[in-house]
Amino acid sequence: MTSDGSAALSCRDLVRRFGERVAVDHVSFDVAAGETYGLLGPNGAGKSTTIKLVCGLLARQGGTVVVAGQPIDERTVDAKASIGYVPQDIALYPDLTAAENLRFFGSLYRLGSKDLGRRVDDVLELIGLADRAGDRVDSFSGGMKRRLNIGAALLHRPALLVLDEPTVGVDPQSRHAILENVAELGDSGMAVLYTTHYMEEAQRLCDRVGIIDHGRLVAEGTHRELVSLVHEEDRIALGATGDLESLRSVLSALDGVTGATTADSTVHVLARDARRLLPRVLEAADAAGADVTSVEVVEPDLEAVFLHLTGSALRE
Amino acid sequence: MIALVIAGATIRRTRRDRTGLFFMIVLPVLIIVVIGSTVQGGDRFPIGVVDQGSGEFGAALVEDLEGSDSLDVRRFDDLEALKLAVRRSELAAGVVVPRGLDEQVRAGGSVAVGFLTQPSNTAGLAAREAVESIVADHSALLTAASFAADEAGGTVTDHLDQAQAATAGVAPLTVDTTVSGESRFLPLGFTYSAATVLVLFVFINAVAGGGVIVENRRLGLYERMLAAPVTPRAIVAGETFTYVLIALLQSLLVVAVGGLLFEVDWGDPLAAMALVLIWSAVGASAGLLAGTVLRTAEQAGAIGPIVGIALGMLGGCMWPLEIVPPVMQTIGHLVPHGWAVDSWIELLSRDGTIGDIAGRLVVLGGFAAVLGSLATFRLRRQLTA
Amino acid sequence: MRAVLLIAAKDLRQRFRDRSAIIVGFAAPLLISFLMSAAFGGAEDLHATIAFVDEDGGELGSALEEVLSIPELEEVLTVETRDRADAAARVDDGDLDAALVVPAGFTTAVIAGEGAELEVLAGVDAPLSAAITRAVAEGFLTQVRANRVAVATAIDAGAPVTDIAALAERAAATAPATALEDQPLGGRELDLISYYAPGMAIFFLLYAIGFTAKSYFTEQREGTLDRMAAAPLRPSAILAGKALSVLVYGTTSLTTVAVVTSLAFGAEWGPAGAVAAIVLAMVLAVVALTALVIAVSRTERQADGLASIVTFTLALLGGNFVFVATAPEAMRRAALLTPNGWALRGFTDLATGSAASSAVVPVLSILVFAAITAAAAAVTGRGLVTR
């Protein structure tokens with residue numbers, strides 16, 4: 001935990017090439033203390049590579065990485081103690097028990113034996129595997145392994161937790177549990193760097209999102225900021241019977257409404273802030289005597305943002 | 001037939017596996033070459049000679065030794081080096097021609113020529129015979145000349161020529177040896193190694209090959225096959241056929257290499273073929289059983305050679321069962337290798353025919369049947385579980 | 001460094017939990033040694049049972065019979081008197097090892113100065129007994145021949161021929177100028193188990209190359225290698241940790257086999273200090289070979305295959321399977337290109353009584369091999385952990 005409010009992570013101009021291909025092209029971003037930052041991009045965008053550069057798993061060909069005030073490079077490995085790394089695959093020893101796995105990885109982070117013992121118990125408790133501590137990992141279900149996978153990164157109380165696409169190929173229930181866990185950790189004050197190609201996750205979990213494509217960070221900011229970048233507007237779709245045309249003109253005159261159209265038996269109202277406007281729209285419709293059968297609020301999402309910025313879809 | 005399709009797939013996978021090919025093809029050939037060249041026919045015994053400064057008589061003795069057809073002589077400068085070489089078994093024996101031999105003989109004395117060998121080194125014992133006879137002949141010359149000098153005056157050197165002439169003139173006294181009886185051993189040399197390599201390696205590779213079945217099971221291939229209109233019986237038949245075929249091919253390789261490159265005579269062709277076929281069946285059934293019993297392919301790779309070597313040792317592949325205590329000989333026949341080696345002895349050392357080994361072939365067939373039934377029973381249970 | 005020890009400890013824990021590793025490293029070599037000692041443990045001394053057939057009845061036949069019963073030959077030879085047919089049948093059946101036959105008219109021919117022949121009937125499977133019997137017969141005839149030559153030479157040289165009989169007696173009484181005498185070789189005899197116990201132990205040690213190389217790629221595939229790399233330790237610590245685990249495993253394995261085979265099966269390894277030095281050097285060579293296999297391979301399967309090939313080729317060339325000392329020069333030289341070949345030579349020398357200092361050259365040679373291998377691994381390794 002950084003006490004002086006400086007960034008948990010600060011990356012500048014990260015570069016990594018594989019032969020001719022540039023996988024990470026001068027990527028720079030910060031993760032503030034206690035912030036959950038998401039790297040959002042399709043497969044092959046360079047998310048995992050960036051993560052590996054941050055954690056010191058791949059050699060950097062350019063740029064700097066500073067974690068909790070300390071630079072990371074090949075010679076100074078101490079800063080790695082501030083990072084908790086959760087890899088995309090289950091990185092555990094199947095022939096060792098849960099407790100043995102945790103103890104081993106914890107010991108690499110220089111926790112003293114007494115502290116380590118306590119931390120192992122605490123983490124097992126946290127991830128709900130306290131009663132399976134002495135069982136071999138190859139006897140666990142997929143969900144349990146995922147939980148342990150995250151647990152192993154928490155032993156040393158890192159300032160920054162890094163998760164690389166933790167929900168890929170995971171069943172809905174486990175996925176829900178993982179997202180809950182990460183949200184809790186973020187709420188408790190841990191800085192989190194989270195990569196994903198699922199827009200819902202980024203939206204739900206992250207304070208800020210960096211959109212990455214073909215190795216470049218094309219935009220970053222809060223959800224609002226990103227959405228406003230592309231001037232997308234909220235849309236309220238009112239299903240109604242009766243005189244739709246007059247309803248349309250009444251609604252388009254409302255303060256905050258930027259436009260209204262009709263299509264089939266629906267009136268689409270475009271607005272800046274649909275949530276705040278919704279009560280007034282419904283009031284106005286009621287006053288106009290229209291019979292509203294359905295209401296749908298569609299807020300622009302990151303998928304739309306991504307499409308707008310890069311010209312390609314977030315998911316194939 | 002479906003079984004053949006399955007067999008074909010397994011064979012194709014085996015062929016692509018370069019390590020497997022090394023074990024099946026390169027290694028046995030390598031072993032035949034190494035073992036064969038080590039277990040020499042025993043034409044010439046390697047001995048070392050050190051001349052510690054004897055003089056011309058001693059030098060003449062060394063030359064006589066070098067001229068022998070049954071000795072391969074290496075000269076040493078140092079007695080300790082000679083002893084070391086004998087202790088290492090690099091030499092069958094060593095001969096020490098002592099300092100001052102000439103003077104002693106001229107003075108009419110008797111000189112001891114040293115013989116060094118390891119007590120139970122059989123080659124050493126045989127070499128001794130050859131060395132003894134050369135030393136004796138050489139000694140006879142000197143003794144005669146010395147005796148003549150005593151009786152008629154003059155020096156030893158003076159009478160050497162006369163001694164030579166006398167030796168040539170004396171009527172020959174020889175030992176004539178006739179060898180008889182039926183051998184209980186395999187003939188030495190390449191034949192020995194080729195036959196035992198055949199028995200040993202077909203078995204080892206078959207058991208290690210059981211790993212493929214384990215892999216297939218692990219990868220869920222059998223489940224996938226069973227989802228198609230394929231019966232468990234067809235799968236079992238297919239795998240069995242594969243194993244027998246691979247074992248047979250490997251046997252034929254060893255037979256060919258042995259016969260063509262090293263002139264191994266495999267004995268009566270019909271009997272040899274029957275023995276090769278039945279041994280392939282034994283190996284194949286052992287491999288199948290291993291495939292159903294072991295849990296990982298790795299285990300097969302580790303256990304295969306170990307079990308194979310252990311059984312080979314018990315059965316007489318590494319050394320003849322003739323020379324071990326009776327209880328070990330009995331144990332040796334509790335494993336199929338013992339019976340296979342016995343059969344080869346019959347064919348290669350005693351010119352046996354198929355009739356002579358019929359009983360043993362039946363026993364081997366029994367081993368194959370028992371192992372095979374156990375294997376197919378287990379495999380079917382695993383497929384239908 | 002701490003991390004190195006932690007990683008080595010983890011590797012060892014996994015290794016000892018894996019049953020095949022225990023079997024290969026400990027059970028197998030002990031089992032094989034046990035089999036050998038059971039087969040050869042009761043060292044039988046050479047003893048031949050032969051028949052003496054005297055069809056001649058003359059004094060030379062009796063003289064030969066006396067030679068056969070001298071006390072020096074008692075240990076090695078048991079002599080039965082039989083007639084030819086009986087003896088021949090027994091030799092054929094294998095009941096007798098050999099038979100020595102003095103044919104009729106032998107003495108007469110010899111005394112008359114004519115040629116004569118002794119016969120040896122040998123069993124096909126008793127070449128040693130035949131050799132001993134022939135040696136006795138040859139020795140006897142040599143003496144007879146030598147006397148003849150001596151007398152003839154003396155006469156030729158101008159000795160007085162008044163009393164040939166007395167001359168012959170004096171010739172017979174002359175000691176031979178040179179005689180072959182068995183001299184002590186020093187040291188101990190190398191028995192089979194003292195050669196094969198280290199041979200098999202080292203062969204199974206070579207298997208460790210495959211285990212460790214495969215585990216490296218497994219860790220790479222499973223991601224635990226990355227997880228270790230993310231921790232605050234130098235990348236070299238991971239490789240060092242694995243190397244240390246091989247060192248401990250290998251040394252433990254070899255030492256256990258050495259101790260057990262010495263105590264239980266009577267194998268002679270040599271003085272403890274020298275043995276330890278060779279063991280350590282050999283294990284270091286295995287560490288270097290493991291590093292090379294990892295450096296050169298790309299996948300688990302490649303590593304497994306390459307390790308197996310290396311293991312068997314080295315074992316074959318180095319003499320772990322066959323007694324390479326009796327092989328032709330070329331093979332013996334090839335054996336000394338391998339670390340295990342040097343180790344076996346070192347153990348053989350120590351076991352046959354050479355001083356502890358004889359281990360120095362083998363140890364240095366093995367270390368040179370290890371150094372070259374390690375250098376090759378470093379060159380082809382190119383950043384094994386951080387890529």
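Chain B is assigned domain 1 (2–38 + 190–384) and domain 2 (45–164), with bounds taken from an automatic or database domain assignment. The model is predicted: local features need pLDDT of at least 70, side-chain atom pairs count only at pLDDT 80 or more, and totals for chains, interfaces and linings use all residues. Residues are numbered from 1 along each chain as its sequence is written, while chains are lettered from A and ligands numbered from 1 in the order in which they are written.

**Chain B: overall form**

- The centres of domain 1 and domain 2 of chain B, taken over C-alpha atoms, are 52 Å apart.
- Chain B holds 15 helices and five strands; helices (H or I, at least four residues) and strands (E, at least two) are DSSP runs numbered from the N terminus.
- Chain B is more spread out than a compact globule, because its radius of gyration is 30 Å, well over the 21 Å that the globule rule gives for 385 residues. The radius is taken over C-alpha atoms, and the rule is 2.2 Å times the number of residues to the power 0.38.
- The C-alpha trace of chain B spans about 105 × 40 × 40 Å along its principal axes.
- Of the 385 residues in chain B, 50% are buried, meaning that 20 or more other C-beta atoms lie within 10 Å of the residue's own; 12 or fewer count as exposed, anything in between as partly exposed, and C-beta atoms are placed from the backbone.
- Among contacts in chain B with a separation of 6 or more, 78% link residues 24 or more positions apart. A contact requires C-beta atoms, placed from the backbone, within 7 Å.

**Interface of chains B and C**

- Contacts join 84 residues of chain C to 87 residues of chain B.
- On the chain C side, α7(C) gives the most, with 20 residues.
- That side of chain C divides into 49 nonpolar, 20 polar and 15 charged residues. Ala, Val, Leu, Ile, Met, Phe, Trp, Tyr, Cys and Pro count as nonpolar, Asp, Glu, Lys and Arg as charged, and the others, Gly among them, as polar.
- Strand β5 (residues 173–180) of chain B runs parallel to β4(C), joined by eight bridges; pairing needs at least two DSSP bridges.
- B:Thr177 stands opposite C:Val120 in β4(C).

**Positive phi in chain A**

- A:His26, not a glycine, has a positive phi of about 55° and sits in strand β2 (residues 21–31) of chain A.
- A:His26 is partly exposed, because 14 other C-beta atoms lie within 10 Å.
- A:Arg110 has a positive phi near 65°, in the loop between α2 (98–108) and α3 (113–126) of chain A.
- A:Arg110 has 17 C-beta neighbours inside 10 Å and so counts as partly exposed.

Definitions and conventions: Two residues are in contact if their C-beta atoms, placed from the backbone, lie within 7 Å.
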